[in-house]
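I'd like to walk you through one structure, starting with a single chain and ending with how it meets its neighbour.

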Amino acid sequence: MEKAQDQMEKQQGCAKGTPDFFRKRRRTDLLFAACVLGLFVFSSALTGFSLADGISSIPRALVWMGQNLIPDEQALTRLPKVLSRLYETAMLSVAVTVLAAVLAFLFSLAGSKTTGRGRLFPRLVRIVAAFFRNVPDVVWSILLMFSFGQNILTGFFALFFTTFGLLTRAFIETVDEVSASCVEALTSTGASFFPIVFQGVIPSAMSGLMTWILYMIETNIRSSTLIGILTGTGIGYLFDLYYKRLEYPTASLVVLSIVVLVLLIETISNRVRRAIL
Amino acid sequence: MMNEAAGNGVFLGMDPARYLGKMEKSRKGSIRIKSKSRSNVTVRLVWIVLILLTVLAFATFRYKQIDLTEAVQSTFHNIGTVFFQPELTYDTFGGALYQLLITFCLGALSTGIGAAAALFLSLLCAKNMANSKVAAVVKGFVAVIRAVPTVLWVLIFAVSAGLGSVAAVIGLSFHSISYLTKCYAESIEEMEAGTIEALKASGANFWQIVFQAVWPATASYMVAWTFMRFEINFTNAVAMGAAAGAGGIGYNVFMAGSFYLDLHEMGFLTYMIVIAVILLETVSTKIKAKVK
């Protein structure tokens, strides 16, 4: 008898609990929405942004793009110049990413929980990586401008520092995730540090590392455009030049060439990713 | 070294039984320990191409006759000035903090707009919710948006909307839309297939499925992605302030560095940005850990 009553009560409790569950969910959803809305209104007021202006600017910008951002004959005569700058930018981002990746991998071995030694050293590596990652590339490029001037090396080092910081964090995560069990297995067989790295960590983490490298190459092309505008180098400089001269057709050619390059790299990296994962 | 090692020990951490049938032997009859799988060959090939490109890059860069040792020395000197002698002269601390808040707000606005638009677009391009033709169109559209660097979007919008917060926010939102659409669509695709099927079978319409199944199942992932994007948008907003005159602390950094040529000032502002970013990163990591 008592058992049956208990069950009855439990069932009733469940039945009572159900609407409560929905009410609670609705309440958290509403609270969440209110917070987001509040932040939005506050931010709009502070920055002088209005959503109506923002939305209405989109069709205007699209119409303007349709009228002005179309390469004309004069723009096409400058195609070789654009392509040579584009080539420079593409090569820059590959070179930066590869070198930063090699250095970041060494650092990630020292900073990872599975391969790092001691407590102090991994923590130090993480702090160094956080520093390089979080100092904006804008600051690096302005700083480097002072000594390197309008040189490709300005862009190179500015990109290198941020890429190194980002990849070190990403690689540490990859190495931690992928290789914990195989490092343990190799350690138990008495393998020393280098065999563990070359036979265990690198093979098991390689596809993850490669995915990050390909992603960074793509990102660096976009970042180098920004840095180029600031430092007067590469494809960003070319865009800025024509943009400020109000020669929009040529500027649009620059934009189109960047789009084609990024999409090309994205396609290649998707293919590679599909092959290695 | 890396290329050679990539093939070695591929069995480790995997189920050896899967590979026993495929055991390869070399001509001499010994067992091959390097697997010739498609994946290993690709990795090796990509590495060779990347290294060749890097060498080619350094060979063809136009260095414009620069005195490297002098440049490196003065860079170290400047780095020392920026990071070890930070000092405000042109801005007040309160003023700089206010600019930091402006940057924060620009990031929040663009993330909010990006997230709202991405919610709709992701429903249109998730494999389990949309038809494949619409999905292909949306995905292509989003990929093209992403291919244009953020700074160019901001500058393009600046022509029709004027330099200022509108151009900055809309320009920043464009990238957020494409990034978040991709992420949201992936979390919707990872949903359990049975839930949607069950609701469809019971006659639920599209919006009922969205609100009763998709949203509850993916909300926490979406929040994590959105916050991660906010982190990115904050740093982007700093960059836009410097490169596109969008206001906020980035503009102050640009003025300090390129106009007043005051590295001490730039150092102080940099520290403020770094601290803000690290705080955001910590929150983001906590949210991610909670979701997982």
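Before I count anything: when I say helix, I mean a DSSP run of H or I that is at least four residues long, and a strand is a run of E of at least two, with numbering from the N terminus. Also, please keep in mind that this is a predicted model.

So, chain A. By that count chain A has 10 helices and 0 strands. If you read the elements from the N terminus on, you get α-α-α-α-α-α-α-α-α-α.

What about the overall dimensions? The C-alpha trace of chain A spans about 95 × 65 × 40 Å along its principal axes. The radius of gyration of chain A is 27 Å, whereas a compact globule of 277 residues would come out near 19 Å. Chain A is also split into two domains: domain 1 covers 2–49, and domain 2 covers 73–276. Their C-alpha centres sit 43 Å apart.

Which angle does helix 4 of chain A make with helix 10 of chain A? The two cross at roughly 40°, and their axes come within 10 Å; helix 10 of chain A, by the way, is residues 248–276. Anything under 35 degrees would count as roughly parallel and 65 to 115 as roughly perpendicular, so helix 4 of chain A is oblique to helix 10 of chain A. The crossing itself is right-handed.

Who's touching whom there? From helix 4 of chain A you have Leu79(A), Val82(A), Leu83(A), Leu86(A) and Ala90(A), and from helix 10 of chain A it's Leu253(A), Val254(A), Ser257(A) and Leu261(A). By class, that contact has 8 nonpolar residues, 1 polar and no charged.

Helix 4 of chain A has another partner, helix 5 of chain A, residues 120–134. Here the angle is about 140° and the axes are 7 Å apart. That pair is therefore oblique too. On the helix 4 side we find Phe107(A), Ala110(A) and Gly111(A), and they meet Phe121(A), Pro122(A), Val125(A), Arg126(A) and Ala129(A) of helix 5 of chain A. The tally for this contact is 6 nonpolar, 1 polar and 1 charged.

One more pair in chain A. Helix 6, residues 137–148, packs with helix 7, residues 152–188, at an angle of about 145°, and the axes are 9 Å apart. Their crossing is right-handed. The residues that helix 6 of chain A brings include Trp140(A), Leu144(A) and Phe148(A), while helix 7 of chain A brings, among others, Phe157(A), Leu159(A) and Phe161(A). In that contact, 9 residues are nonpolar, 3 polar and 1 charged.

Last topic: the neighbour. How many residues of chain B are in contact with chain A? It's 71 residues of chain B, meeting 67 residues of chain A. On the chain B side, the largest share comes from helix 3 of chain B, residues 38–60, with 13 residues. And that side of chain B divides into 50 nonpolar, 18 polar and 3 charged residues.

That's my tour, so over to you for questions.

Notes: Residues are numbered from 1 along each chain as its sequence is written. Chains are lettered from A and ligands numbered from 1 in the order in which they are written. This is a predicted model: local features need pLDDT of at least 70, side-chain atom pairs count only at pLDDT 80 or more; totals for chains, interfaces and linings use all residues. Domain bounds come from an automatic or database domain assignment. Axes are lines fitted to C-alpha atoms, for helices over the stretch in contact, and angles run from 0 to 180 degrees between N-to-C directions. Angles under 35 degrees count as roughly parallel, over 145 as roughly antiparallel, 65 to 115 as roughly perpendicular and the rest as oblique. A crossing is left-handed if the near helix is turned anticlockwise from the far one by less than a right angle, and right-handed if clockwise. Two residues are in contact if their C-beta atoms, placed from the backbone, lie within 7 Å. Ala, Val, Leu, Ile, Met, Phe, Trp, Tyr, Cys and Pro count as nonpolar, Asp, Glu, Lys and Arg as charged, and the others, Gly among them, as polar. The radius of gyration is taken over C-alpha atoms; the globule rule is 2.2 Å times the number of residues to the power 0.38.
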